[in-house]
Amino acid sequence: MSPTQNDRLIAGDAIHANDYAAAVARLAEDLGSEQSALLPMLHALQDEFGYIDDLMVPLIASALNLSRADVHGVVTFYHDFRRQPLGRHRVRLCRAESCQARGAAAIERIATERLGLRMGETSVDGRVTLDAVYCLGLCATGPNAMIDDVPVSRIDPTTLDRLLGELTR
Amino acid sequence: MTRVYVSKDMAAVALGADAVAEALSNAGAQVVRTGSRGLFRLEPLVEVETPEGRVGFGPVAAADAALVLDGGHPARLGDVSAMPFFARQQRFTFARCGVIDPLSLDDYEAHGGWRGLTAARALSPQAAIDAVKASGLRGRGGAGFPTGIKWQTVHDAPGPLKYVVCNADEGDSGTFADRMLMEGDPFCLIEGMAIAGHAVGAERGYIYIRSEYPFAIRTIREAIARAAAIVAPFALEVRVGAGAYVCGEETALLDSIEGKRGEVRAKPPLPAIAGLFGRPTVINNVLSLAAVPFILSEGGDAYAAIGFGRSRGTMPVQLAGNVRNGGLFEVGFGITLGELVMDIGGGTDSGRPVKAVQVGGPLGAYFPPSMFDLPFDYEAFAAAGGLIGHAGITVFDDTVDMAHMARFAMEFCAHESCGKCTPCRIGSTRGVELIDRLIAGERRAADAVERLPQMRNVAGGARPAGQDVELLRDLCDTMKFGSLCALGGFTPYPVLSALDHFPQDFGAGAPISSAAAE
């Protein structure tokens, strides 16, 4: 890595770290500085920054009087918390039994082929992340998906094509 | 201006209800957004208010808004509540769901809301607990523990600080009753929790909702704000889960609220003695708490009057998967599995024969149609090697491969295991490998240890498939009796039931030494 890139990276990190510190301090004020504020704080940070940057971990630990290991343990335990940013769009396909009973596996296969991604991957251009979800509670009308924040039921190959096509924008 | 009712339940929205509501509004109607009635084949369902009562149309496309308003839409259903699917139900808990505006305090009160809380407050805490005991209500989350006895334990536990926690981490596939109630009648849950608070002496409650239910989270938060003055001094807070299935287990859920990894605690101590933050805690499922307002307003005896054996009252059964009339069907215990799947559910949606139904979510057993005479009852299902769980029934047609479903059960357990106990953490992964080998028809060669001269009791050669089946049963036995909670402990239900009832799906060597199939 050339010095300039490295410098930029470090400078970039410093800016982020300042943003993170401000956000964590504000959240500790709102949510309290007890351990029980940890999950709400992680949700709020992820909503604001898109993911839980490793740089946040020591800041959170210090704000809630926890060890870094405690915070790291919680971040890595829960499937919702990500340590890398998502794509601009997120396609979550339900993989649970009720959707399987209605043909979810075929829909998953088509989606992975169309997007050229495996489940859990983000496209190289950062456009879309394909993910599995285990039950959205729409179990009588599967196969189901969440496309960004919109639930969609009764997905067939045609609707899947249309939905994925809309994501190119 | 014509008033119309359109559901804003997540399932209805996923089928296009938002666009229908917008089109109706643009066409000049006054649109009231409700919860869902619970028959998803009809969604998006539109009900038009007329002098003769509400007239339903469904499913309706957004382009047909004008047709609905002039009454000429071909999918005219008439009075929705008179349709057989609804007329056959006994809606104690879901009476208001799909009928009222979920966030209207006026609607709630006009439909009998807060009567249970008023009645409870007129009683001593002990008398309120006695009413719940008399109702025979058992935990609707799946365990079936008597709710009144749990409350009594918390009531009798010493200490000034106690909690009421609602388990709304409805992670089981095939279940959606908690979600529907939270979206369609949130005040009912709040009322039930306030009654629990009065009964056990708690002033603080938490509702732990899974993050996959964004609509329910929004609705409950707003409902808590609107009802705060009514339930005060009892105060409620929503906690949002983070995608961990195991947090539906009550002690893992408590740890999650406390800001920890959602790992299961060893019991005892019971949460009723040392629960949230180490304090005595009532932790109940959404449906248990939502059944309480009815019990207090109508009396425990009225609730207990219907039911079957030791299972009293009603169960909101959820028909899911490949079923024609999928949805929510609240009915007294004792109805048979076959009536639910075939008569009410109408068989499969694909029109093919039913091959199997899974009752109780990912940890529930698979039953073949030959067992459809089972009455819906905690004890009857336990005796048949299954559980009713949260009363979700997932229907599969004859295209399903049961070995694949057994493998999925193990894979899901491996994916979601909290890692605290070995049978669940390691056993699930070994289970996937075993089933993979059975499906592939491979014979496992003896490994380096098995070839050691000291291991003289080991055959040494390749292991036949029959031995792998025995090994799988042995593994299931270890998981069932050695796991700390229901995740590892109940994963054997789908695996063994698939093996027992559908051995033909596991390859040639499978049907051997079945304890249950004798």
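These notebook entries record what I looked up in a predicted model with chains A and B.

**Conventions.** I noted that residues are numbered from 1 along each chain as its sequence is written, and that chains are lettered from A and ligands numbered from 1 in the order in which they are written. In this predicted model, local features need pLDDT of at least 70 and side-chain atom pairs count only at pLDDT 80 or more, while totals for chains, interfaces and linings use all residues.

**Entry 1: where the chains meet.** I looked up the contacts between the chains, two residues being in contact if their C-beta atoms, placed from the backbone, lie within 7 Å. I found 33 residues of chain A in contact with 44 residues of chain B. On the side of chain A that touches chain B, two or more residues each come from helix H2 (38-49), helix H4 (68-77), helix H5 (97-100) and strand S4 (150-152) of chain A. Helices (H or I, at least four residues) and strands (E, at least two) are DSSP runs, numbered from the N terminus.

**Entry 2: chain B as a whole.** I counted 22 helices and 16 strands in chain B. The radius of gyration of chain B is 24 Å, close to the 24 Å that the globule rule gives for 518 residues, so chain B is as compact as a globular protein of that length. That radius is taken over C-alpha atoms, and the rule is 2.2 Å times the number of residues to the power 0.38. Along the principal axes, the C-alpha atoms of chain B fill a box of roughly 85 × 60 × 40 Å. Of contacts in chain B between residues at least 6 apart in sequence, 72% join residues at least 24 apart.

**Entry 3: a sheet in chain B.** I traced an open sheet of five strands with mixed pairing, in the order S13-S12-S16-S14-S15 (chain B). Strands pair if DSSP finds at least two bridges between them. Strand S13 (327-332) and strand S15 (366-367) of chain B are at the edges with a single partner strand each, so one side of each is left without a neighbour in the sheet.

**Entry 4: strand S16 of chain B.** Strand S12 (residues 314-321) of chain B runs parallel to strand S16 (residues 392-397) of chain B, joined by four bridges. Strand S14 (residues 354-359) of chain B runs antiparallel to S16(B), with five bridges. I found Val395(B) in S16(B) opposite Gly321(B) and also opposite Val357(B). Six of the six residues of S16(B) are buried (20 or more other C-beta atoms within 10 Å of their own, C-beta atoms being placed from the backbone). Gly392(B), Thr394(B) and Phe396(B) point one way, and Ile393(B), Val395(B) and Asp397(B) the other.

Key. Buried ≥ 20, exposed ≤ 12 C-beta atoms within 10 Å, placed from the backbone.
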